[in-house]
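Trainee: Before we start, please show me the model we are going to read.

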Amino acid sequence: MPRVLIAGGSLGGLMAASLLARAGHEVVVLERTAGAMDSRGAGIVTHASLIAGLQRCGMPQGHELGVAIPGRVTLDGTGAVLGELPMPQVLTSWSRLYQLLHGLLLQLPAAQYRQGVAVQRVEQHAGGVRVQTSAGVFEGDLLLAADGIRSTVRHQFWPGVQPEYAGYVAWRGLCDEGVLSRGGREAVFERFGFCLPPGEQLIGYPVAGPGNRTEPGHRAWNFVWYRPAPAPQRLAELMTDADGEHHPQGISPNKVSWRAIAAMRSDARRLLAPAFAEIVEKCPQPFLQPIYDLYSSELASDRVALLGDAAFVARPHVGMGVTKAMHDALALESALAGADDVAAALRAYAQARLGPGQQVVQRGRRLGAYMQACGQDGNTAQPRDAAKVMAETAVEG
Ligand SMILES: Cc1cc2nc3c(=O)[nH]c(=O)nc-3n(C[C@H](O)[C@H](O)[C@H](O)COP(=O)(O)OP(=O)(O)OC[C@H]3O[C@@H](n4cnc5c(N)ncnc54)[C@H](O)[C@@H]3O)c2cc1C
């Protein structure tokens with residue numbers, strides 16, 4: 001069985017590591033972050049194939065993954081209902097998935113999870129890979145790059161593949177259920193909510209609250225508000241903290257300028273249904289992420305392969321990032337099963353996953369373009385079809 005090295009120990013790396021270690025491979029995950037990882041990110045929409053994949057990673061039957069909801073609702077700026085759609089779904093969070101997958105991996109004797117190890121450079125030779133890291137050299141039969149949108153490994157092998165800014169950002173945040181008014185809770189809390197101001201879109205749903213609790217009264221509402229931010233000027237302003245320091249690679253939640261937060265909250269009162277404006281107002285620490293596409297034309301080079309966000313990033317309208325990484329991990333498991341020729345197995349993996357990855361990026365672009373079309377250049381006359389938006393957002397395509 002080949003010895004597998006994995007760069008990146010977030011959800012993509014953990015899913016691949018679990019599946020491969022359970023299949024009998026010796027697996028070493030190399031994660032750059034030294035400290036605790038479980039406070040990152042916010043809500044994640046799950047799909048049936050993700051849940052099936054998690055069970056294959058060892059998630060016990062009946063494990064409570066998150067908060068189950070019955071369907072979706074769109075509210076206009078006054079709070080009136082524009083449309084409803086029954087669509088049961090389970091909403092979870094990055095930290096809940098991370099805790100589950102990390103715990104499952106640590107039970108496997110064939111797996112190691114090494115933190116504080118940054119992959120720097122990879123050399124391939126006839127018998128395997130030699131990976132230079134901040135903590136010395138690791139040898140293996142192959143390297144899987146699950147090191148995210150700014151992948152060091154992808155940059156070494158395919159330097160021309162770069163994230164492309166979509167022209168808008170996502171303001172995100174969590175608001176505890178307990179602080180909301182009864183009216184606000186009843187209007188939206190139990191559902192996947194939508195609001196469609198011109199050229200913008202807010203979505204949100206309930207997730208586990210503090211302490212990962214999912215019982216009513218202790219949950220939180222996760223919102224994602226897509227807003228235009230043309231580059232370079234407006235984007236640079238948002239990525240600059242209150243002390244004037246610019247963070248072009250991503251601004252951490254505690255650095256987002258209080259002036260930008262105050263302006264965003266004021267816009268929320270003007271543009272969003274009151275139930276959503278209340279959530280935005282009472283969220284203690286909104287943060288923001290620019291939205292990117294990442295589109296690859298190759299996924300493997302001999303003994304190195306890309307997976308998860310290192311391979312493709314689709315705009316979060318599709319809600320497929322974690323599910324797509326799971327599909328990559330399952331395809332790797334199947335390609336490497338019983339493989340003597342590692343390079344041929346990784347070619348088979350690339351062939352299986354290139355088309356689906358490209359399609360999901362295109363789908364995210366289409367949904368984003370539809371959002372932007374109404375409102376751009378002052379065109380506010382073209383209303384969006386709430387039923388269409390609800391039916392196409394965060395569904396398994
Ligand atoms: C606004 C927004 C909303 C989203 N909503 C959803 C949703 O509802 N559903 C969904 O499925 N997905 C969603 N996503 C996407 C999802 O978060 C990602 O697709 C998913 O987490 C993919 O994870 P990954 O493991 O491939 O990459 P990442 O999570 O980026 O992990 C990369 C890891 O590699 C490590 N690393 C980086 N460089 C190195 C190095 N040189 N050496 C070692 N380690 C390294 C990093 O520290 C990190 O831990 C959303 C994304 C955004 C921005």
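**Reading the domains, the sheet and the rings**

Mentor: The chain is assigned domain 1 (3–40 + 95–162 + 294–366) and domain 2 (67–93 + 165–292 + 369–392), with bounds from an automatic or database domain assignment. This is a predicted model, in which local features need pLDDT of at least 70 and side-chain atom pairs count only at pLDDT 80 or more, while totals for chains, interfaces and linings use all residues. Residues are numbered from 1 along each chain as its sequence is written, and side-chain values use heavy atoms, with hydrogens and water left out.

Trainee: How many residues of domain 1 are in contact with domain 2?

Mentor: Contact means heavy atoms within 4.5 Å. There, 14 residues of domain 1 touch 17 residues of domain 2. The C-alpha centres of the two domains are 30 Å apart.

Trainee: In what order do the eight strands of the open sheet run?

Mentor: Strands of a sheet pair through backbone hydrogen bonds, either parallel or antiparallel. Strands (E, at least two residues) and helices (H or I, at least four) are DSSP runs numbered from the N terminus, and two strands pair if DSSP finds at least two bridges between them. Here the order is 3-5-4-12-13-14-11-15, with mixed pairing. Strand 3 (43–45) and strand 15 (287–293) are the edges, each pairing on one side only.

Trainee: In which sense do strand 3 and strand 5 pair?

Mentor: Strand 3 and strand 5 (residues 81–93) are antiparallel, over three bridges. Val45 has Leu91 in strand 5 as its bridge partner. Helix 3 packs on the sheet, touching strand 3 and strand 5, and its direction makes about 30° with that of strand 5. Axes are lines fitted to C-alpha atoms, for helices over the stretch in contact, and angles run from 0 to 180 degrees between N-to-C directions.

Trainee: How many aromatic pairs are there?

Mentor: A pair of aromatic rings is described by the distance of the centres and the angle of the planes. Rings of Phe, Tyr and Trp (its six-membered ring) pair if their centres lie within 6.5 Å; planes under 30 degrees apart are stacked, over 60 edge-to-face, the rest tilted. The count is eight. Trp94 and Tyr98 are a stacked pair, with 5.0 Å between centres and 10° between planes.

Trainee: Where do Trp94 and Tyr98 lie in helix 3?

Mentor: They are about one helical turn from each other, because they are four residues apart in helix 3 (residues 94–106). Trp94 is buried at 9% relative accessibility, and Tyr98 is buried at 4%. Buried means under 20% relative accessible area, exposed over 50%, partly exposed in between (1.4 Å probe, protein chains only).
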